[in-house]
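Please have the viewer ready.

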Amino acid sequence: MTDVPTAPPAGPGAVHDWPVDHLDGLAFDPLLHRLLREEPVARVRMRYGTGDAWLVTRYEDVKEVTADPRFSRALTVDRPITSMTPHAVAPPGGVGRTDPPEHTALRRLTAKAFNRRRVAALRTRAERVTAELLERMLGEGPPADLTEHLTGPLPERVVADLMGLPADALPRLREWRRVILSSDRPVADTAAVKREIARSFGGLADLRAAQPGDDLFSELVAAERAGALSRAQLVSLSVMVVLNALDQVRNQTSTMVYALLTHPAQLAALRAGPALLPAAVEELLRFIPQRNGVGLPRVATEDVAVGGVRVRAGEAVYVSYLAANRDPAVFAEPDRLDLARAGAPHLAFGHGAHYCVGAALTRMLAETVVGALLRDLPAARLAVRPEEVRWLRGTVNRGPESLPLAW
Ligand code: HEM
């Protein structure tokens with residue numbers, strides 16, 4: 001499946017206006033597709049912020065930039081760098097916007113929580129929750145919205161357990177997720193929600209300080225009391241973990257199911273050889289355009305050559321992991337979903353010091369959801385035509401609004 005619309009050329013060396021338009025389903029951003037082939041280190045300007053920035057799209061260049069300490073996240077704070085959102089999704093001082101050694105110390109605090117052993121223990125819980133959620137869905141009969149019955153509630157329940165969040169926190173978390181991970185809400189709205197989050201998580205931190213539980217949040221509160229992180233860092237790290245789990249896992253696992261149901265030959269091969277599941281999840285991670293636009297930029301601390309282009313000290317640089325995952329120099333027929341693909345690892349979870357904290361958790365939850373599709377829903381199909389599925393708009397991360405299934 002190619003699914004790549006064409007973008008009009010702007011000419012080499014020009015600053016490309018990147019509207020980051022809404023895209024449906026598995027469609028790939030046409031500007032990313034073209035720049036990757038024609039101008040792999042290009043200048044772009046997005047809707048918000050000021051000026052322009054570099055955009056790096058090739059796999060090798062993306063790996064180089066993200067592994068190079070001469071590109072700083074801390075230097076992005078308080079700079080109105082061109083951006084796809086009116087508000088900064090990641091807070092200053094948070095894990096995404098610090099450099100080593102401060103960043104390393106923050107990451108160490110979460111590493112324990114998300115290591116393979118902890119995630120393996122969570123798998124049993126995730127499988128139990130999945131069985132329970134599916135039983136209810138199957139009991140109610142088709143058609144059913146998978147996002148409402150499984151891919152939404154599963155990460156919510158798992159992350160609420162992991163973080164020791166009270167059950168009544170979930171409706172508010174869903175609302176916060178919608179605002180914080182929007183790409184078009186006014187800054188006043190997002191600022192108000194950020195204040196509310198700080199108050200609420202602050203209150204919970206005081207509670208857990210007095211009465212610690214056996215959860216990651218209590219561990220972070222203990223670290224705060226030991227002076228290892230500030231209250232603002234505690235809140236921003238916890239919120240990133242919770243909102244990412246809710247948003248990205250919901251969207252990604254829903255889109256994985258959509259991709260499989262719209263690639264029936266691939267799905268049939270996977271059903272015939274379920275041992276392929278972990279490799280299939282990796283290919284789905286590579287192939288699915290999980291987000292709109294790009295994530296956080298970096299700022300060069302000195303002049304650096306990237307892909308034959310000189311980036312000057314002080315200039316802002318974005319990398320596109322999505323584009324890198326479609327680099328034809330690394331992946332043969334990159335725009336084709338091929339669950340049997342082997343070879344280079346994808347960059348869907350990023351690369352370098354800021355590599356995604358939740359990668360192991362996401363893989364586990366994706367295997368749980370796709371595994372359930374293979375095992376418990378042998379006749380699953382979309383209950384509407386593929387082009388009738390409605391996709392989120394005005395959001396940072398892409399995914400279906402709902403995914404109506406029949407079986
Ligand atoms: C489909 C699911 C997910 C995808 C595709 C994804 C992808 C990414 C990417 C591309 C980055 C940024 C890399 C960079 O800044 O260069 C990142 C960072 C991060 N992710 Fe994820 N993520 C996912 C799920 C999660 C989950 C479930 C969690 C929480 C449990 C999480 C927590 C984080 C955090 C805290 C960071 C910041 C790390 C840092 O700056 O050091 N992510 N993720």
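**From the iron to the cores**

The ligand's iron atom has a single donor from the protein, C356 (SG), 2.3 Å away; donors are N, O and S atoms within 2.8 Å of the metal (3.2 Å for Na, K and Ca), and with water not among the atoms, sites may look incomplete. This is a predicted model, where local features need pLDDT of at least 70 and side-chain atom pairs pLDDT 80 or more, while totals for chains, interfaces and linings use all residues. Numbering runs from 1 along each chain as its sequence is written, and side-chain values use heavy atoms, leaving out hydrogens and water.

Now for the packing. The largest nonpolar core has 86 residues, and L154, L173 and F201 touch the most other members. Helix α10 (residues 231–261) contributes the most to this core, 16 residues. Such a core is a set of buried Ala, Val, Leu, Ile, Met, Phe, Trp, Tyr and Cys residues joined through side-chain atoms within 4.5 Å, where buried means under 20% relative accessible area (1.4 Å probe, protein chains only). Leaving aside residues up to four places away in sequence, L154 touches A126, V129, T130, L133, L365 and V369, with contact meaning heavy atoms within 4.5 Å. A second, separate core of 19 residues includes V20, A42, Y318 and L322.

Methods: Buried < 20%, exposed > 50% of the residue type's maximum accessible area, 1.4 Å probe, protein only. Helix = DSSP H or I, 4+ residues; strand = E, 2+ residues; numbered from the N terminus.
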